[in-house]
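Visitor: Hi! Could you walk me through this structure? I'm new to this.
Guide: Happy to. Have a look at it here.

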Amino acid sequence: MNFTDTIVALATPAGVGAIGVIRLSGDRAIEIVNAVFKPKDLSTQPTHTIHYGRIESAGRVYDEVVASLYIAPRSYTKENVVEISCHGSPFIQESILQLFVEHGARFARPGEFTQRAFLNGAFDLAQAEAVADVIAADSAAAQNAALHQLRGGFSKELAALREELIHFASLIELELDFGEEDVEFADRKDLEALVNQLLTNIRPLVSSFRAGNAVKNGVATVIVGKPNAGKSTLLNALLNEDRAIVSDIAGTTRDSLEDEWTLGGIKFRLVDTAGLRETSDVIEALGVERTQAWVKKAQVVIYMADATSETPEGLAAGVEALGALDIPVIKLLNKVDQIADPSAFVSAIPDLIAISAKNRDGLNNLETALLNVVGLDQVSTNGTLVTNLRHYQQLLQTQETLEGVLNALQIGLTGDLIAQDLRYALHHLGEITGQISNDDLLKNIFGKFCIGK
């Protein structure tokens, strides 16, 4: 892959808009634009300046534009960068792009601008991945987590951990060079204390992934229960609109209804499902099958029961049936406004939440339960939240390897075995930030970026 070419791409979304931004990066970026930019000579202008002019070639005026100039190394990619703001006509944008290609640029690959920034040392790999997360953020929590990572908060934690580990790893490696002399340069008690401290720092990062994944991708939340339990009424109440048809006739919902709902800066993907029951109606039976399929994919299940027709024993049996799924189940008793005393249910079912979806009573308790399920305490702090599956997997492997080091120290294994585990731990930490990387990894990461970023 050639990273010496000057690349060009549309940096704004394709389609008609007020303006479009065309970005060039590389040694010849200023030269290529300067050949068709009139009337100023951009090669004589200082960095971080903006210039009004026109794109013109062979007597044809392509557009009146604004050129923003960033001279290396003071740019996003640490190369010469020029950004052309033109009118938003797709025809104009395409014509200017082709003109730059004719003058020596080539079209950028997905993520190539950010990949060049990484390769040129503008930031590490974890920060580069955060660029895509910032672009894709669709909630306040997702934005905050991505910006924290982009600013290097996550990388600083990892760098500190890795630096401490490198010191002891080097001492262990030194011991191996003097293996025949039976010397110890690394104090085993100090190394054990360090590994324990590293594990104290890494375990919260690993455990934060559940909340981080919820922040980044949303929480698949499936509402289930028997027909006429009030599932559709609950969906409407949470969304604050009449999204689902509500009827006293059991079995009204024949298919699954999906919508997104943001709570506490976290996106919940709500799914209202067909009621769970035995039925001879072919269409309703298909709806029940889809409900069961949704439950298997859910991250959280809201199980609803109708206080006017259910018994505590029946509710307990329904909740128990969901227990085998090994996912959080929030238990709701709906229509409590229509019964004299819900205490029999509440005492029989731990953590039962009594609500009236129709009157919106008790919904605040449901909201609290949902936020607790995804780890609100981690989301609402300023600490690092692991949102990337690749980072989580590497941290998990680091944790497991360090636990192996700790076990080796406690049972007195030889330095060569300890050194091997320390190498693995350093490798996994280094893969997160890109200190250890390969072409396939970089291609996989940056290939998921949009073109122009």
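Below, we talk through some strands, helices and cysteines.

Guide: One thing to keep in mind is that this is a predicted model.

Visitor: Got it. How many bridges join strand β1 to strand β2?
Guide: Four bridges join them, and the two strands run antiparallel. β1 covers residues 7–10, and β2 covers residues 17–25.

Visitor: In which sense do β2 and strand β6 pair?
Guide: They pair in the antiparallel sense, over eight bridges. β6 spans residues 81–88. To spot the pairing, find V21, which stands opposite S85 in β6.

Visitor: Let's move on to the open sheet. In what order do its six strands come?
Guide: The order is β9-β10-β8-β11-β12-β13, and the pairing is mixed.

Visitor: Which are the edge strands?
Guide: They are β9 (257–263) and β13 (353–354), each of which pairs on one side only.

Visitor: What about β11 and β12, parallel or antiparallel?
Guide: Parallel, over six bridges. β11 runs through residues 300–306 and β12 through residues 329–334. As an example, I302 has I330 in β12 as its bridge partner.

Visitor: Which strands does helix α8 lie across?
Guide: Helix α8 (residues 209–217) lies across β8 (219–225) and β10 (266–272). Its direction is at about 75° to β10.

Visitor: Now helices with helices. At what angle do the axes of α4 and α17 cross?
Guide: They cross at roughly 20° and come within 10 Å. Angles under 35 degrees count as roughly parallel, so α4 and α17 are roughly parallel to each other. On the α4 side, the contact is made by L125, A128 and E129. On the α17 side, L441, L442, I445 and F446 take part.

Visitor: What classes of residue are in that contact?
Guide: The contact of α4 with α17 has six nonpolar residues, one charged residue and no polar ones.

Visitor: Is C86 buried or exposed?
Guide: C86 is buried, with a relative accessible area of 2%. C450, on the other hand, is partly exposed, at 42%.

Methods. Residues numbered from 1 in each chain as written. Predicted model: local features only at pLDDT ≥ 70, side-chain atom pairs only at ≥ 80, totals over all residues. Heavy atoms only, no water. Axes fitted to C-alpha atoms, helices over the stretch in contact; angles between N-to-C directions. Parallel < 35°, antiparallel > 145°, perpendicular 65-115°, else oblique. Contact = heavy atoms within 4.5 Å. Nonpolar A, V, L, I, M, F, W, Y, C, P; charged D, E, K, R; others polar. Buried < 20%, exposed > 50% of the residue type's maximum accessible area, 1.4 Å probe, protein only. Pairing = 2+ DSSP bridges.
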